[in-house]
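Dear colleague,

I am handing over the structure we spoke about, and my notes on it follow below. Please read them with the model open beside you.

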Amino acid sequence: MKAVRIHAFGGPEVLRYENAPKPKATENQLLIRVMATSVNHLEVGITAGNMQQKMLVEFPWIPGFDLAGVVESVGSSLTGFTNEEKVYAKTTGGTYAEYIAVDPKEVARMPQNLIYTDAASIPHVGLTAWQALYTHGKLQSGQRVLIHGGAGGVGELAIQFARVTGAMVYTTASEKDAYFIGSLGADVMIDYQSVDFTTEAKDMDLVLDLVGGDTLEKSYGVVKAGGYLVSTAGLVDRKKAREHQIHVVSMVVEPDGQALGQITEWIEAGLVKCDVADIYPLAEVVRAWHTFLHHSLEAQEHAHGKVVLEV
């Protein structure tokens, strides 16, 4: 099969589109023909060598954690999936390839109203938002949530999920993103460039920090006693949490086909929409990564949406 592999740590220049062995699924796995995947900060960071203390990488390594595709074969001990079924997943890695063998617990039925390139943009950021809001943040209807970085990939889905849940949604973003944030359903947008969010958001049931740094440090004081502060971008301070009498979590997203199935239902009902900015063939992965990094570093351009790779 064709796949993108790295043979050493580095930037986009170490990505190689080349021949690789086709995986063989065990009796407990699904073999999936990948139709699309997407670019996330996770594989970019791993490729750069920034996560060697957290994750062992054996070369050659295939990046990628999102997929949308078709079930090629079903392990003999499995039920619930059929050949040629359209599925999507956030996996433990290796989706920049034509085929991948995966644990069925990572997989969900693909939304019927999405094409592969749209569906591939959802799993990693969608599950990050889901687990932050519900698994760790215990968000419920009628509560107040502050989402830092609402215009980003995780943030825009978190806003939509929280609105579906019936929460009141505050978010920090740039004034240039005001229209976009409003289209997602946020109740209150705070322009972080001109306003101190601590003066506008108080007694929050949940704060979701997707920014880190000073934003995380200032967030302890806006969570009400007994509330939750969940960060994907920094290490929480448990001493400060005790002082403010709040729950804190530094989270890492995990595969979860069951939660992804609920997201499928919301997408099919028209309650949640995806956002794709650019689509590249897998063979042009280096160009795709340069686009992704440009969007990430040039924040003033306010680029929205995922960079997707079509396999």
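Predicted model: local features only at pLDDT ≥ 70, side-chain atom pairs only at ≥ 80, totals over all residues.

Apart from its neighbours within four places in sequence, Phe-161 is in contact (heavy atoms within 4.5 Å) with Gly-126, Ala-129, Trp-130, Leu-133, Tyr-134, Ile-263, Trp-266 and Val-272. One of these, Trp-266, lies 105 residues away along the chain, yet its C-alpha atom is 8.6 Å from that of Phe-161. Phe-161 counts as buried because its relative accessibility is 0%, where buried means under 20% relative accessible area, exposed over 50% and partly exposed in between, with a 1.4 Å probe and protein chains only.

Residues are numbered from 1 along each chain as its sequence is written, and side-chain values use heavy atoms, with hydrogens and water left out.

Phe-161 sits in helix H4, which covers residues 153-165; helices (H or I, at least four residues) and strands (E, at least two) are DSSP runs, numbered from the N terminus. H4 has 13 residues and reaches 19 Å from its first C-alpha to its last, close to the 18 Å expected, the expected span being 1.5 Å times one less than the number of residues. Because 10 of the 13 residues of H4 are buried, the helix is largely enclosed by the rest of the structure; among the buried ones are Val-154, Leu-157, Ile-159, Phe-161 and also Glu-156 and Gln-160. The cover over these buried residues includes helices H3 (123-136), H5 (178-184) and H9 (257-268), together with strands E8 (144-148), E9 (168-173) and E11 (204-209). After H4 comes Gly-166, with a positive phi near 95°.

As for the chain as a whole, it has 10 helices and 15 strands, and its C-alpha trace spans about 55 × 40 × 35 Å along the principal axes. The radius of gyration, taken over C-alpha atoms, is 19 Å, which agrees with the value near 19 Å for a compact globule of 311 residues under the rule of 2.2 Å times the number of residues to the power 0.38. Buried residues make up 50% of the 311, and of the contacts between residues at least 6 apart in sequence, 65% join residues at least 24 apart.

With best wishes
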